[in-house]
Amino acid sequence: MTIRQRLTFRFTGLVSSILLLAFVSIYAFCWYFISSDFYRRLDQRVNMVGDILIRHGLHKSLIQQVSRSGKGQRTNQKLIVFDNQNRVVLETNKSLSLTIPVSVLTTIRQDERIDFRQESYYLSGSRFTTAAGQLVVMASDENTYGDAFLRRLLWALLGLLLLIVGITAFSGWFFAGDSLRPMQQIDRVVNAIFPHNQDERLPITNEDDEINRLSRTINRLLDRVGESFRLQRLFVANVSHELKNPLTQISSQLEVSLLNQRDPDSYRRTIRSVLEDVGKLTTLTHELLQLSKINQDESSDLLTDTVRIDEIVWDVRDQVMGLHPQYIVSIELGVLPDDVDQLTIQGNKQLLETALKNLTENACKFSNDGRALVRMQFGQNAIRIQIENVGQPIPADDLPYIFEPFYRSRRTTEVRGYGVGLSLVRRIVQLHGGQISVTSTINQPTIFTIELPRP
């Protein structure tokens, strides 16, 4: 069932329920008023007969006169008087046969009076104590005009209810379609967006309604999807390029070696060159595997260690200077807190070492003198790590993209690398709930800042 059908059914059902309740209330009120008024008139006739019985006894002529009194002469009215043995002592309009159950007479003698219906007749009875004993007077009549009015009222209300339900259903169908028309437009536009016109977006008006908010949300989603496709294309293009170069070199060197018989030194040089290219492939594969591992949704399960950041910084310094003797890494710890717990965070030691090592190596690699400075600040709620170097600044146009996979700045094209390191660093920092930023301007050091929250 479509949303339009559901809205129509619910709207029609709601309006129909309200109208049905109103019409039932109107009919019940009219029925109660007409019935009560007719019983009241019957009761007046019973009381008049009872008054005659008390004052004059069984005065049949007076009772006959009372039975014929009222507006017009009715052929279906009847008066019956019962004695204390439930025998009929007086009856008018004997052509009309009514059977009064003994249980009704017993109830009247207990409760003094009662009103009830028997088939189409309304009956009212009362108990009177006279000189002749306890008598029960019953008056009956057909409410011809009242019942006819109620029947006409019932049919009129039913007809009106059906008419209003039909109008409501049609109106609900129309208004539901009009309300859902923007949703249908959104459906058409979104279905037509991919793949040939990715930049098309949903129209936004100045109205602050649900449709515009939904359109803005979908547009933001499309922006993120488009950015993902762009990064995916960039990733595939760069991976293909990075894999193609060493594979081509390996293939070329092996083919050249097979063309002619060579001396052992030539083969050894070729093998060393091939091993160097294989090492590049291994390094690239390792970095890609690390990036893939950190991008998994279940990677939060890796944050199970209580890590001291100062120890990691010193370990990274030793690793970088051990691998690259020409690099110099300085550390400024700032003011150390009295509480040792403020030096720790909840995370993964190996991943944090990888992130800080990548940043430190990059700082040394792109500095003018192979130096990098690591500053640390220990706060109550977070730990800040700044890694800075002095060298050529990162171009302003490249700053928004340096954390994207395989993106390489123009000033790094001559430096060996794959453009994966900074992307891996950002993902590790985000995994730990932190933030990373960079500032780089002319005549100022380039500073990468990491903020890691403490529990």
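Reader: How many aromatic pairs does a search of the whole structure find?

Author: It's a predicted model, to be clear. The search turns up 3 aromatic pairs. Take Y39 and Y122: their ring centres are 5.3 Å apart and the planes sit at 65 degrees, so that pair is edge-to-face. The cut-off for edge-to-face is over 60 degrees.

Reader: Are Y39 and Y122 buried or exposed?

Author: Y39 has 14% relative accessibility, so it counts as buried. Y122 is buried too, with a relative accessible area of 0%.

Reader: What about F174 and F175, how are their rings arranged?

Author: Their centres are 5.5 Å apart with planes at 70 degrees, so this pair is edge-to-face. F174 comes out as partly exposed, at 46% relative accessibility.

Reader: OK, switching topic. What does R384 touch?

Author: Leaving out residues up to four places away in sequence, R384 touches R375, M376, Q377, T449, I450 and E451. With E451 there's a side-chain polar contact of 2.5 Å.

Reader: Where is R384 placed, and is it buried or partly exposed?

Author: R384 is in strand β10 (residues 382–389). Its relative accessible area is 32%, so it's partly exposed. Also, the C-alpha atoms of R384 and I309 are separated by 9.9 Å, and those two are 75 residues apart along the chain.

Reader: And T446, which strand is that in?

Author: T446 lies in β12, residues 446–453. At 2% relative accessibility, T446 counts as buried. Its side chain makes a polar contact of 2.9 Å with the side chain of S440.

Reader: What else does T446 touch?

Author: Not counting residues up to four places away in sequence, its contacts include I387, E388, N389, Q392, P393 and I394, and also V438 and T439.

Reader: Now helix α9. Why call it largely enclosed by the rest of the structure?

Author: Because 8 of its 11 residues (421–431) are buried. Among them are G421, L422, L424, I428 and L431. Just after α9, G433 takes a positive phi of about 75 degrees.

Reader: Last thing, the whole chain. How many helices and strands?

Author: 9 helices and 12 strands. The protein chain has 455 residues, and 38% of them count as buried. Its accessible surface comes to about 27300 Å², with 56% belonging to carbon and sulfur atoms.

Reader: And what share of the contacts comes from residues 24 or more positions apart?

Author: 63% of the contacts in the protein chain with a separation of 6 or more.

Key: Residues numbered from 1 in each chain as written. Predicted model: local features only at pLDDT ≥ 70, side-chain atom pairs only at ≥ 80, totals over all residues. Heavy atoms only, no water. Helix = DSSP H or I, 4+ residues; strand = E, 2+ residues; numbered from the N terminus. Buried < 20%, exposed > 50% of the residue type's maximum accessible area, 1.4 Å probe, protein only. Polar contact = N/O pair within 3.5 Å; in protein donor to acceptor, adjacent residues only side chain to side chain. Contact = heavy atoms within 4.5 Å. Phe/Tyr/Trp six-rings, centres within 6.5 Å; stacked < 30°, edge-to-face > 60°. Areas by Shrake-Rupley, 256 points an atom, 1.4 Å probe, with all protein chains shown as cover.
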